[in-house]
Amino acid sequence: MCANVQQSGKWCKRTAHSGDVKLALRGKDEEDAVRMALEQFSDVVQRCQTIQDENFSPVDFDLFQSAGKTCIEQGDGAQVLSIIIDDKNTNIVRCMGWNLLEPLVKVLLKKEDKNRPHCHAIFTHIIEVCSSKELVVGLLEQVEEADSDAIAEVIILLLKPLQTVLLKLGKKKSSSVGMALSTVLGQVAQLPVPLSKEQEEDDVFGLCRCCTALLDFIRPFVEEVKENIKHSRSVSRDDELKGEILKFCMKSLSEPLLEVQLKDPDTLEQSPLRDFATEILVILSSIGEPLPNLLCHNMLRKREVPGFLEEDVRYPKESLACLAHLLFVKHIAMDIFPAVLSPIFLLQCNMEYVELLLSRTEESWLQKGLELYEKTLVRVEDCSLPVDLLDLKPFFSVPQNLVKVMTLCPVQTVRTKGLSVFQLSIDKFNTEAKYKLFRCMLKTSEHAGVQGYIIKNIKNQIDLSLGPGNENEWFLGKHLLPLLHQVLRLPQGPETDLLHNLDRIMESLNLLRYLLIRDKEWENETGIWSELYKIEDSFLKPLRMGLNMSKAHYEAELKNAKENKKSSGTESKAAACTVTVENEKLPNMTPEMQLQVLQSALFTFDLIESVLARIEEIAEAKGRV
């Protein structure tokens, strides 16, 4: 019995220390693995020393990479460094050294790793002696394969050595520079954009640091292009390095700058993103791409010239849209924008960019489109834009896009801004252009609120025309009558949904009431008195009929709802009340909510009827109806 207990105690004691034994064994295994890897690394290097003409086999490359990687990852960088810097191994390192970039970069990203100084020395030596072409590929692989949370750190770590390697390529570096810029920008585009002043200051995701590092990276290449221009005294489109820098600038304008809301100096005195935007425009100007030419690129370009599709790729429209926004909204680099262009010509240049920005749904694009349109319009005198501009596609499309912004954008501030800019654009057209625009908008817009807003503008133009010295042929007399008939009608006759079309109907009634009061019967400047009998048949009678039908229907519904409420004593019964609007069922309503909706509808019908009755009263008083 005692023996068993004693034996059991011994067993328990051994068990208590089994974890330590396992750790010791595992540590010994790791040491053996490192020692084996180091021996393997030394063996392959020694064997390669005897190979002539650097004719190394794939097996040599694999062993060098795998053994070296294990040594570096296990903290044996000092021994690897001694082998790497040995003069006898220079040829081997020149051919194979770049294969060690992956483990070296991982260690260099760990700021507190004890092995870091040795790995930094290895990395620096590899950058100095290895083939530049292979180093470019190897470094860009590390950038591409960076973890999402380490993109900024990898880019900042590798841009300087990448620049060093590229400069060694001499005159043949253009394509490699382009590949490097494209790869880095592709990764930078994945970084979240700071939205607030505090986010830009904190730069948690590293976008600001990456943009600053990119400017340092590209500087010597820009200087080389500038020197080429200085010596040749002309700008060649065939300059490959210039072409790669142009691509970089265009790409930077679309990503990240088009997504960024730059802060003004009053809000953020030191802004890396604003500095980045400024420098991009300065670079463009310095490499022979004048900002006025870029801004007016689509206006100056002749479509019949062969290769215009290549031009679209070379100068992407979204990049030029960002350029226009930086110039006219943020006033960046305006000191190197010497051209004095007429406000109307600038508007024509910018309209394609406004059209593009407003055709999107992203809030940042819509904001920029509205801001650019507004800042361009304020330069234009009121009532100065000729009607011919409406024949240009952007001048037709932008109002349609503004309607979508005003009615569909979920952000209220953007919708409000859209309405303000829409009115500003109307004010800039001359009288004939306003007339044509109103007719077009009434045809193309199906939104009752927008139609009502256009009708209110028509009323304002008629009021202006009836004033002394403001007579014009478009909002008086024969031209006005077709517009009035377009306004004073019900879209579906008596069956028109009066609630859905309330804004249009009320503005139409207000316009008609205004005309009957303002335009004297014996003067008849607007022609309304001559057409009143037609308007009665096409608008007033169908409206009266539809109003009577709608009121009768809603009064019956209200009566049923009240009776149901009295007879209903259960909540389940209350939850069964539903309302359908435009063939879509709304969520279930309580009887109280249903009563409120029905009473509100009847109040609206009373409002329509009161204005309609006033119009009939005015007309009857003059003996016309």
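## The largest cavity

Tyr373, Leu390, Phe395, Pro399, Leu402, Phe422, Ser425, Phe429 and Leu437 line the largest cavity of this predicted model. Here a cavity is a set of points, on a 1 Å grid over the protein atoms alone, where a 1.4 Å probe fits but cannot get out, and lining residues have an atom within 4 Å of a point. Two elements, α21 (393-408) and α22 (412-428), each give two or more residues to this lining, and α21 has the largest share with 3 residues. Helices like these are DSSP runs of H or I with at least four residues, while strands are runs of E with at least two, numbered from the N terminus.

The volume comes to about 50 Å³, taken as the space filled by probe spheres set on grid points that are joined across faces, edges and corners.

Searching the whole structure gives 2 cavities of 30 Å³ or more. Helix α18 (residues 317-328) contributes most, with 3 residues. This lining has 5 nonpolar, 1 polar and 2 charged residues.

## The nonpolar core

The largest nonpolar core has 190 residues, and those with the most contacts inside it are Ile245, Leu253, Leu281, Leu284, Ile462 and Leu512. Such a core joins buried Ala, Val, Leu, Ile, Met, Phe, Trp, Tyr and Cys residues through side-chain atoms within 4.5 Å. Helix α12 (residues 207-232) supplies the largest share of this core, 13 residues.

Leaving aside residues up to four places away in sequence, Leu512 touches Leu488, Ile528, Leu532, Ile535, Phe539, Leu540 and Ile615; a contact means heavy atoms within 4.5 Å.

## The whole protein

The protein has 29 helices and 2 strands. Of its 625 residues, 46% count as buried, meaning under 20% relative accessible area with a 1.4 Å probe and protein chains only. Among contacts with a separation of 6 or more, 74% link residues 24 or more positions apart.

## How to read the values

Residues are numbered from 1 along each chain as its sequence is written, and side-chain values use heavy atoms, with hydrogens and water left out. As this is a predicted model, local features need pLDDT of at least 70 and side-chain atom pairs count only at pLDDT 80 or more, while totals for chains, interfaces and linings use all residues.

Notes. Buried means under 20% relative accessible area, exposed over 50%, partly exposed in between (1.4 Å probe, protein chains only). On a 1 Å grid over the protein atoms alone, a cavity is a set of points where a 1.4 Å probe fits but cannot get out, and a pocket is an open set with protein on both sides within 12 Å along at least five of seven lines; lining residues have an atom within 4 Å of a point. Ala, Val, Leu, Ile, Met, Phe, Trp, Tyr, Cys and Pro count as nonpolar, Asp, Glu, Lys and Arg as charged, and the others, Gly among them, as polar.
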